[in-house]
Amino acid sequence: RVNAVVPGVIDTPMTELAQTVPEIIDAELARIPLGRLGTPAEIAGTIAFLCTEQSSYTSGALFVVDGASTSQ
């Protein structure tokens with residue numbers, strides 16, 4: 001089985017610097033319909049599902065976890 005998790009902008013140390021620049025964070029948040037950054041736990045939840053037998057019939061799927069920013 002091969003699946004992919006495609007995260008959006010996640011609140012991590014990697015994005016901390018960008019969050020200190022109002023123009024950058026405002027532009028990012030404007031593109032996210034849920035109005036906030038994702039959390040590492042939200043990405044981990046998707047990955048945890050893929051590690052269980054509940055996903056045993058799941059293959060070739062993309063799991064986009066981005067607060068609906070690509071659905072616009």
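This is a predicted model: local features need pLDDT of at least 70, side-chain atom pairs count only at pLDDT 80 or more; totals for chains, interfaces and linings use all residues.
How many salt bridges does a search of the whole structure find? The search finds two, where a salt bridge is a side-chain nitrogen of Lys or Arg within 4 Å of a carboxyl oxygen of Asp or Glu. Residues are numbered from 1 along each chain as its sequence is written, and side-chain values use heavy atoms, with hydrogens and water left out.

The overall architecture comes next. The chain has three helices and two strands, and these follow the pattern β-α-α-α-β when read along the sequence. The radius of gyration of the chain is 14 Å, well over the 11 Å that the globule rule gives for 72 residues, so the chain is more spread out than a compact globule. In these terms, helices (H or I, at least four residues) and strands (E, at least two) are DSSP runs numbered from the N terminus, while the radius of gyration is taken over C-alpha atoms and the globule rule is 2.2 Å times the number of residues to the power 0.38. Along the principal axes, the C-alpha atoms of the chain fill a box of roughly 45 × 25 × 15 Å.

Of the 72 residues, 17% count as buried; buried means under 20% relative accessible area, exposed means over 50%, and partly exposed lies in between, with a 1.4 Å probe and protein chains only. The accessible surface of the chain comes to about 5,000 Å², and 63% of this surface belongs to carbon and sulfur atoms. Such areas come from the Shrake-Rupley method with a 1.4 Å probe, and for residues only the protein chains shown count as cover. Among contacts in the chain between residues at least 6 apart in sequence, 70% join residues at least 24 apart, a contact being heavy atoms within 4.5 Å.

Helix α3 spans residues 40–50, and its buried residues include Ile43, Thr46 and Leu50. These residues cover an arc of only 60° around the axis, which puts them on the same side of α3; the arc is that of the directions from the helix axis to the C-beta atoms. An α-helix has 3.6 residues a turn, so residues three or four places apart point the same way. The buried residues of α3 pack against β1 (4–7) and β2.

Threonine 46 shows part of this packing in detail. Its relative accessible area is 16%, so threonine 46 counts as buried. Leaving aside neighbours within four places in sequence, threonine 46 is in contact with Val5, Phe63 and Val65. The side chain of threonine 46 also reaches the backbone oxygen of glutamate 42 at 3.4 Å, a polar contact, that is, a pair of N or O atoms within 3.5 Å; within protein, one must be able to donate a hydrogen and the other to accept it, and residues adjacent in sequence count only if both atoms are side-chain atoms.

Glutamate 42 leads back to the salt bridges. The side chains of glutamate 42 and arginine 36 meet in one of them, at 2.7 Å from N to O. Glutamate 42 is partly exposed at 32% relative accessibility, and arginine 36 is partly exposed at 38%. Arginine 31 forms a salt bridge with glutamate 28, where the closest N and O atoms are 2.8 Å apart. Arginine 31 has 47% relative accessibility and counts as partly exposed; glutamate 28, at 22%, also counts as partly exposed.

The loop between α3 and β2 (62–65) holds threonine 52. Threonine 52 is partly exposed, with a relative accessible area of 29%, and its side chain reaches the backbone oxygen of phenylalanine 49 at 2.7 Å. Threonine 58 is also placed in the loop between α3 and β2, and is buried with a relative accessible area of 18%. Leaving aside neighbours within four places in sequence, threonine 58 is in contact with Arg1, Asn3, Phe49, Leu50 and Phe63.

The two ends of the chain complete the account. Valine 2, in the segment before β1, is exposed with a relative accessible area of 64%. Alanine 68 is found in the segment after β2, and its phi is near 75°, a positive value in a residue other than glycine. Most residues other than glycine have a negative phi.
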